[in-house]
Amino acid sequence: MSPRQPCRAADPGRRVVRPPPPTVRAERNSLAPGPQVPCSAASPELRWTRETERRGPGGADRALRIVLLGPPGAGKGTQAVRLAARFGVPHIATGDIFRSNVDQGTPLGRVAKRYLDSGELVPDDIVIDIVSERLADPDCRHGFVLDGFPRSAPQASALSRRLDELGTPLDAAISLEVQEEELFQRLAARARADDTEQTIRNRLRVFAASNHPLLRYYEQRGLLARIDGVGDPDDLTELVVARLKDLMAHPITERRRSAEVALASMVGR
Ligand code: ADP
């Protein structure tokens, strides 16, 4: 699907515009860094064939389905773009979807604008509909990197339900962790329309209120990897890939059991 093309929306009256693809290093299905190419060259839509359908993106023998958690300014977008290109799966950023719709003045954009401008969360039902629709697209069949979703416990359970329906469970939730002081400096140095001081403060407040239940949700399910988000972005990508490999080397049932044991021992202390 070409960028900016409207996609289906749960509400037929709503027209949803998709953000254009970014330029990134294409490192698909390789643990070694690749050449600098436009993301569209690695875009699953463009290189999707019968063979990739059968074997997974780029010939991989398994899919990658992850969510990136973390505060505004933690570097989720940067890492999400790299991971998506490396594993040949789409990068789905709810913030980008909303910003594109605001820029294009779509009905969704008109609704979302006041939430983006104030730093509040767009209501769960709207975000959940958009992501649920997007996940059913063929390019998500062998995976995705979700960036900025889920952001609340209802969004996390809606995502699990949707993935259960699709028969494609999540592999991991990566939480990028950065201290608030550093975040504020990073965000203040960015030039995004919603990066005003007041909005930044509110987004950090909203994040602080909603993050703990999300971490618990994924920890209980044996899906959580918490990673220090400070450092060189290239090193951080390698760290995330290494943690993913570690996590995915163990079956989910085993990971869930160890999470239960760890949580039970904390309660018993
Ligand atoms: P950041 O991580 O820097 O806050 P994003 O681009 O992820 O930036 O999000 C920008 C804004 O888009 C948020 O402040 C919020 O208003 C809205 N938004 C994005 N994702 C969600 C979501 N999953 N649920 C509700 N609102 C969202």
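In this predicted model, a polar atom of the Asn-202 side chain sits 2.8 Å from the backbone oxygen of Ser-118. Asn-202 itself belongs to helix α9. Is this asparagine buried or exposed? Its relative accessibility is 14%, and because the cut-off for buried is under 20%, Asn-202 counts as buried. If you set aside the neighbours within four places in sequence, the residues in contact with Asn-202 are Ser-118, Gly-119 and Glu-120. So the picture around this side chain, counted as buried at 14%, includes the backbone oxygen of Ser-118 at 2.8 Å.

Let us stay with α9 and look at its partner helix. Helix α8 covers residues 180–189 and helix α9 covers residues 197–220; their axes come within 11 Å and cross at roughly 140°. The crossing is right-handed. Which residues of the two helices meet? From α8 come Glu-180, Leu-183, Phe-184, Leu-187 and Ala-188, and from α9 come Glu-197, Ile-200, Arg-201, Arg-203 and Leu-204. Sorted by class, this contact holds 6 nonpolar and 4 charged residues, with no polar ones.

Now follow the chain past the end of α9. Arg-221 lies in the loop that links α9 to β9, the strand at 224–228. With a relative accessibility of 29%, Arg-221 falls between the 20% and 50% cut-offs, and therefore it counts as partly exposed. A polar atom of the Arg-221 side chain is 2.9 Å from the backbone oxygen of Tyr-217. Leaving out the neighbours within four places in sequence, Arg-221 is in contact with Ile-252 and Arg-256.

Where is Pro-150 found? Pro-150 is in the loop between β7 (143–147) and α7 (153–166). The peptide bond joining Phe-149 and Pro-150 is cis, with omega about 0°.

Finally, step back to the whole chain. It contains 11 helices and 9 strands. Of its 269 residues, 48% are buried. The chain exposes about 13,400 Å², and 53% of that area is supplied by carbon and sulfur atoms. As for contacts, take those between residues at least 6 apart in sequence: 72% of them join residues at least 24 apart.

Technical notes. Residues are numbered from 1 along each chain as its sequence is written. This is a predicted model: local features need pLDDT of at least 70, side-chain atom pairs count only at pLDDT 80 or more; totals for chains, interfaces and linings use all residues. Side-chain values use heavy atoms; hydrogens and water are left out. Axes are lines fitted to C-alpha atoms, for helices over the stretch in contact, and angles run from 0 to 180 degrees between N-to-C directions. Helices (H or I, at least four residues) and strands (E, at least two) are DSSP runs, numbered from the N terminus. A crossing is left-handed if the near helix is turned anticlockwise from the far one by less than a right angle, and right-handed if clockwise. Contact means heavy atoms within 4.5 Å. Ala, Val, Leu, Ile, Met, Phe, Trp, Tyr, Cys and Pro count as nonpolar, Asp, Glu, Lys and Arg as charged, and the others, Gly among them, as polar. Buried means under 20% relative accessible area, exposed over 50%, partly exposed in between (1.4 Å probe, protein chains only). Accessible areas come from the Shrake-Rupley method with a 1.4 Å probe; for residues, only the protein chains shown count as cover. A polar contact is a pair of N or O atoms within 3.5 Å; within protein, one must be able to donate a hydrogen and the other to accept it, and residues adjacent in sequence count only if both atoms are side-chain atoms.
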